[in-house]
Amino acid sequence: MTPPNPRGPHRPSKGKHSGQGKPAGKGKATGAGKAKRPTSGTTRPSQPTAVPQWPDRPTVDVHDPDGVRLQKLLAAAGVGSRRVCENLITQGRVEVDGQVVTELGVRIKATQNVHVDGIRIQLDESRVYLAFNKPLGVVTSMSDDLGRVDIGDFVANRKERLFHVGRLDADTEGLLILTNDGELAHRLQHPRYGVLKTYLAQIQGQVPRDLGRRLREGVMLEDGPVKVDSFRVVDSAPGKALVEVVLHEGRKHIVRRMLAEAGHPVLTLVRTKVGPIHLGDTKPGKWRNLTSTEVGLLYKAAEL
């Protein structure tokens with residue numbers, strides 16, 4: 001005698017071999033089941049087979065018939081040779097006023113905003129961007145009322161009216177950006193944009209292990225707290241050390257006051273970097289023109 005099924009009365013299974021419990025259609029094999037919908041590739045029946053049509057972005061006409069050919073302006077700005085600039089355009093890597101330009105016949109004005117690979121290119125030849133190595137004892141001013149040696153004495157032969165980005169006290173040497181681009185200069189100095197400045201400081205005393213942590217957490221000064229973005233020991237000797245300090249603060253004597261408050265007075269101080277611009281091997285009292293790439297990186301750092 002067959003034992004009773006604990007799961008209840010036996011029912012036919014609904015597997016594919018039973019035709020899903022329905023009689024097979026006429027002329028079809030009884031094990032064929034439902035007829036399948038035709039598919040293409042890996043697309044499932046539930047997926048759309050047509051690409052959705054998104055609304056087109058508005059097209060901006062950047063062409064100016066009275067302008068200069070785009071590739072000529074790019075080449076003049078130092079982006080590359082005329083042929084290289086033509087290739088950049090045809091590859092869709094150039095934007096004018098936010099519009100990708102791929103045609104070689106487009107003419108524009110030098111005042112329009114141009115980006116190559118997302119980096120802004122300054123086409124206005126009247127704009128000047130210099131990296132100046134301020135020597136010790138020189139006042140950060142373009143004209144000093146007391147007759148002291150100032151920055152203006154080093155660029156007096158230039159016809160442009162230049163101004164300095166930020167300040168360095170007379171006892172500090174190193175990198176200053178000189179320009180006649182007011183908008184860029186303002187943003188590079190404003191703490192809102194967080195453009196970093198890098199300093200090498202020789203300090204008194206042995207560096208304790210927790211000095212970097214203390215400076216990153218913040219030091220309280222008479223005009224408010226200040227903290228570094230980065231700190232590291234470059235070299236050390238008995239009784240002194242060379243440290244690198246990176247911060248975006250711009251208050252007067254901020255590096256000297258901060259390190260003195262931490263118990264390590266500054267012996268010498270040099271600013272080596274502003275944003276992406278390095279002092280490099282520029283000699284004290286000398287300046288160099290920034291490349292178009294460097295200017296573009298400054299614009300990017302200032303979110304322009």
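Let me begin with an open sheet of four strands, in the order E3-E2-E5-E6, with antiparallel pairing. Strands here are DSSP runs of E of at least two residues, helices are runs of H or I of at least four residues, and both are numbered from the N terminus; two strands pair if DSSP finds at least two bridges between them. Strand E3 (99-100) and strand E6 (119-121) are the edge strands, each pairing on one side only. Strand E5, residues 114-116, pairs with E6 in the antiparallel sense over three bridges, and Val 116 stands opposite Ile 119 in E6.

A word on the source. This is a predicted model, in which local features need pLDDT of at least 70 and side-chain atom pairs count only at pLDDT 80 or more, while totals for chains, interfaces and linings use all residues. Residues are numbered from 1 along each chain as its sequence is written, and side-chain values use heavy atoms, with hydrogens and water left out.

For the chain as a whole, the secondary structure comes to six helices and 17 strands. Of the 304 residues, 36% are buried, that is, under 20% relative accessible area with a 1.4 Å probe, protein chains only. Among contacts (heavy atoms within 4.5 Å) between residues at least 6 apart in sequence, 62% join residues at least 24 apart.

I turn now to the pockets. A pocket is an open set of points on a 1 Å grid over the protein atoms alone, where a 1.4 Å probe fits, with protein on both sides within 12 Å along at least five of seven lines; lining residues have an atom within 4 Å of a point. The volume is the space filled by probe spheres set on the points, which are joined across faces, edges and corners.

The largest pocket has a volume of about 500 Å³. Its lining has 23 residues, with Arg 167, Leu 168, Asp 169, Arg 251 and Lys 252 nearest the centre. Strand E10 (197-204), helix H5 (254-261) and strand E15 (266-274) are the elements that give two or more residues to this lining, and H5 gives the most, with three. By class, the lining holds eight nonpolar residues (Ala, Val, Leu, Ile, Met, Phe, Trp, Tyr, Cys and Pro), nine charged (Asp, Glu, Lys and Arg) and six polar (the others, Gly among them).

The second largest pocket has a volume of about 270 Å³. It is lined by 15 residues, and Ala 77, Gln 122, Asp 124, Glu 125 and Arg 127 are the closest to its centre. Helix H1 (70-76) and helix H6 (292-301) each supply at least two lining residues.

Terms used:
Buried means under 20% relative accessible area, exposed over 50%, partly exposed in between (1.4 Å probe, protein chains only).
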